[in-house]
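Here is a short note for a colleague who is new to this structure. Please read the points with the model open.

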Amino acid sequence: MTELPFDDDDNFASAGLRLTVDLTALVENWRDMALRSGRARTAAVVKADAYGLGIEDVGEALYLSGACDFFVATVDEGVILRLYAPEARIFVLSGIWPGMERRIFENDLVPVIVSEEQLSFWMAVLADYGEYPCALQVDTGFNRLGLPMEDAIALADDVSRPASFAPVLVMSHLACGDDPANPMNRQQLESFRQVTAAFEGIESSLAASAGIFLGPEYHFDLTRPGIALYGAEAVNGMANPMRPVATAEARVIQTRNVKAGETVGYGRALRLDRDSRLAVVSAGYADGYMRSQSSGGVPLRQAVPQGGMGFIAGHRVPVAGRITMDLTIFDVTDVPEKLVKAGDYIELFGSNILVDDAARAAGTIGYEMLTSMGLRHQRHYVAEE
Ligand SMILES: *Cc1c(COP(=O)(O)O)cnc(C)c1O
């Protein structure tokens, strides 16, 4: 092949859409969660590609900083994480299904048994394989996954259960941890205490990020923070003490001047009442920049008047009209002209536009914003020296 008269591409510098992950902030957030967890050990929940930020780099950074327990949702996620956290204990929250046994054993993953069916299957697997650790999810009122409490307690007391069955963790999940005043928290705590009493000598875990903030009673032996590690809100109505970790930015493809009275975009969803300047950026709903953040022309605007905002050159700039699949238009009229030009980047969320504020404009939560980013973001990991 002939040499091209160009330098190698700098994918990040030229990306239409980029995601910067601050690994120093991530690790600080994990240490903060560990401090708040008191005597309990602190795991890291890295399901859904570490909430969209990349399980490889996130998993490795946390592992090298001392995290030794991880939770993933699926066996596939566990197989990837194993490469970056060789000695860690990796729990698989969705448990086990026939056909997964080999990958569980080969990658040293710990399935979280979540139902009576899984329990029977697991017992049969152990009859062939011999002793192997598992965790037990017990339902204390969430009604999603988990063994019913009575069945779990009966299992704990069952002297005839095979010795190869070796639970190392019994766990449950709070339905209302993000709402500290909700009486459901204490109900679930009382129920979970009955379960842990039955499984004396086996480690226990109840609290995700929000549960950690509920205080020491909720911590048990192992806490399971996810969202707080990534800097987003865990508890409703509380000032978020975590450091932002993810910054999403989209490149300005074109700016244009538009006269008062003209309209913008699909459905003419925005009519300009002054001469305006618009910046068109390369991010749209296919990138998780949700259409519900449009400034108009979407039903959510009747309930939440303010659409999404971007940030550039010290200014917050509103989304103009409807967000489309690959493109979003911002109104940059109030930003000095020389400060917004093609090639510049507008922050979609990060330390100026908090991911939870972007999520509120979209009618959703930070968790969904982060995990919806899709495949087109060029990722970049930074850490302080
Ligand atoms: C996702 C999940 C967590 C982490 O929850 P966050 O609210 O992100 O901290 C913990 N435990 C279970 C069972 C989960 O599904």
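How many nonpolar, polar and charged residues does the lining of the largest pocket have?

1. The lining of the largest pocket has 20 nonpolar, 11 polar and eight charged residues. Ala, Val, Leu, Ile, Met, Phe, Trp, Tyr, Cys and Pro count as nonpolar, Asp, Glu, Lys and Arg as charged, and the others, Gly among them, as polar.

2. This is a predicted model, where local features need pLDDT of at least 70, side-chain atom pairs count only at pLDDT 80 or more, and totals for chains, interfaces and linings use all residues. Residues are numbered from 1 along each chain as its sequence is written, and side-chain values use heavy atoms, with hydrogens and water left out.

3. The volume of the largest pocket is about 880 Å³ (the space filled by probe spheres set on the grid points, joined across faces, edges and corners). Lys47, Tyr51, His173, Ala208 and Tyr367 are the closest to its centre among 39 lining residues. A pocket here is an open set of points on a 1 Å grid over the protein atoms alone, where a 1.4 Å probe fits, with protein on both sides within 12 Å along at least five of seven lines; lining residues have an atom within 4 Å of a point.

4. Helix 12 gives the largest share of this lining, four residues (helices are DSSP runs, H or I, of at least four residues, numbered from the N terminus).

5. The ligand takes up the space of the largest pocket (more than half of its atoms lie within 2 Å of the grid points). The shell around the ligand holds eight nonpolar, three polar and three charged residues.

6. Look at Lys47 and Tyr367 again. A side-chain N or O atom of Lys47 is 2.7 Å from a ligand oxygen atom. For Tyr367, a polar side-chain atom lies 2.6 Å from an oxygen atom of the ligand.

Terms used:
Polar contact = N/O pair within 3.5 Å; in protein donor to acceptor, adjacent residues only side chain to side chain. Helix = DSSP H or I, 4+ residues; strand = E, 2+ residues; numbered from the N terminus.
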